[in-house]
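Trainee: Could you walk me through this one with me asking as we go? I have the sequence and the coordinates open.
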Amino acid sequence: MRVGLGFDVHRLEAGRRCVLGGVELPHPAGPVGHSDGDAVLHAVIDALTGAAGLADVGSLFPDDDERWKDADSAALLTAVVGLAADEGWRVGNVDVVIATEGPRIAPARDAMRARIAALLGIAADAVNVKGKTLEGLGALAGGTGVAAQAICLVTRVPAEPR
Ligand code: MG
C-alpha cells in the first residue's frame, strides 16, 4: 500500500463555468485555468500520481501545451488512472477537503463523491468530500478562489502470470 497527497488552488472569475470535482455547480464565478480549472480533480490527480510514483499533473499536462487548453479534467484523471494501472496500482480510497467561500460544496457533495468514484473505478463510499469555509481569513476569503487537498491510498495488484 502507498498513500499520496495532492493540493491545488485556482482563482475564481465571474462568468466562468464552475466545475469542481467533475460536477458543474450553480455559481456565478468559476475557476480560471489552462484546463477547466477543476482544482478538486487536480488535487485528486496529484494525490494519485504521488501515491503511484508518477509525475505531477503540471508535468503530465503542461499548461503551455495547447492539447490541454480548456481540457476536461475528468479526462485527465481518467488518463492518470490508466497510467497508475499500467504500473499495477489500484485506488483504495480518496479523501478530499475543499476550502472556499465561493460555491457551496455541501449541496454537491454526494454528486462529487459519485463522479470522482466513477472516474477512479471505485465505490462511492470509498470517496469522501468535505467543504470548509475560511472564516473570512486569507487570500481565498470572500470567494476569490478555491483550494483543494486530497489524499489517496493505492494498493499494488499482483501481476497476472504470463
Ligand atoms: Mg490546477
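Trainee: Leaving aside its neighbours within four places in sequence, what is Leu48 in contact with?
Mentor: Keeping in mind that this is a predicted model, Leu48 is in contact with Leu77, Val80, Val81, Ala84, Val91, Leu120, Cys152 and Val154, once its neighbours within four places in sequence are set aside.

Trainee: And which residues have the most contacts inside the largest nonpolar core?
Mentor: Those are Leu48, Met112 and Leu120, in a core that has 46 residues. At least two residues each are supplied by H1, helix H3 (73-86), strand S5 (89-100), helix H4 (109-120), strand S6 (127-132) and strand S7 (145-156), and the largest share, 10 residues, comes from H1. In soluble globular proteins, nonpolar side chains tend to be buried together.

Trainee: Is H1 itself largely enclosed or exposed?
Mentor: H1 is largely enclosed by the rest of the structure, because 13 of its 14 residues are buried.

Trainee: How far apart are its end C-alpha atoms, against what the 14 residues of H1 should span?
Mentor: The end C-alpha atoms of H1 are 20 Å apart, which agrees with the 20 Å that its 14 residues should span at 1.5 Å a residue. The helix is followed by Gly53, whose phi is positive, near 75 degrees.

Trainee: Switching to the metal, which residues coordinate the magnesium ion?
Mentor: The magnesium ion is coordinated by Asp8 through OD, His10 through NE2 and His42 through ND1, at 2.1 to 2.2 Å. Asp8, in strand S1 (residues 2-14), and His42, in helix H1 (residues 39-52), are 34 residues apart, so this pair links distant parts of the chain.

Trainee: Are Asp8 and His42 buried or exposed?
Mentor: Asp8 is buried because its relative accessible area is 16%, which falls under the 20% cut-off, and His42 also counts as buried, at 8% relative accessibility.

Trainee: Now the sheet: in what order do the strands come?
Mentor: Five strands form an open sheet in the order S4-S1-S7-S5-S6, with mixed pairing. The edge strands, strand S4 (29-31) and S6, each pair on one side only, and the twist averages 20 degrees from one strand to the next.

Trainee: In what sense do S5 and S6 pair?
Mentor: S5 and S6 pair in the parallel sense over six bridges, and Val97 has Lys130, in S6, as its bridge partner. H4 packs on the sheet, where it touches S5 and S6, and its direction makes about 140 degrees with that of S6.

How values were computed. Residues numbered from 1 in each chain as written. Predicted model: local features only at pLDDT ≥ 70, side-chain atom pairs only at ≥ 80, totals over all residues. Heavy atoms only, no water. Donors = N, O, S within 2.8 Å, 3.2 Å for Na, K, Ca; no water. Helix = DSSP H or I, 4+ residues; strand = E, 2+ residues; numbered from the N terminus. Buried < 20%, exposed > 50% of the residue type's maximum accessible area, 1.4 Å probe, protein only. Core = buried A, V, L, I, M, F, W, Y, C linked by side-chain atoms within 4.5 Å. Contact = heavy atoms within 4.5 Å. Expected span 1.5 Å × (residues − 1). Pairing = 2+ DSSP bridges. Axes fitted to C-alpha atoms, helices over the stretch in contact; angles between N-to-C directions.
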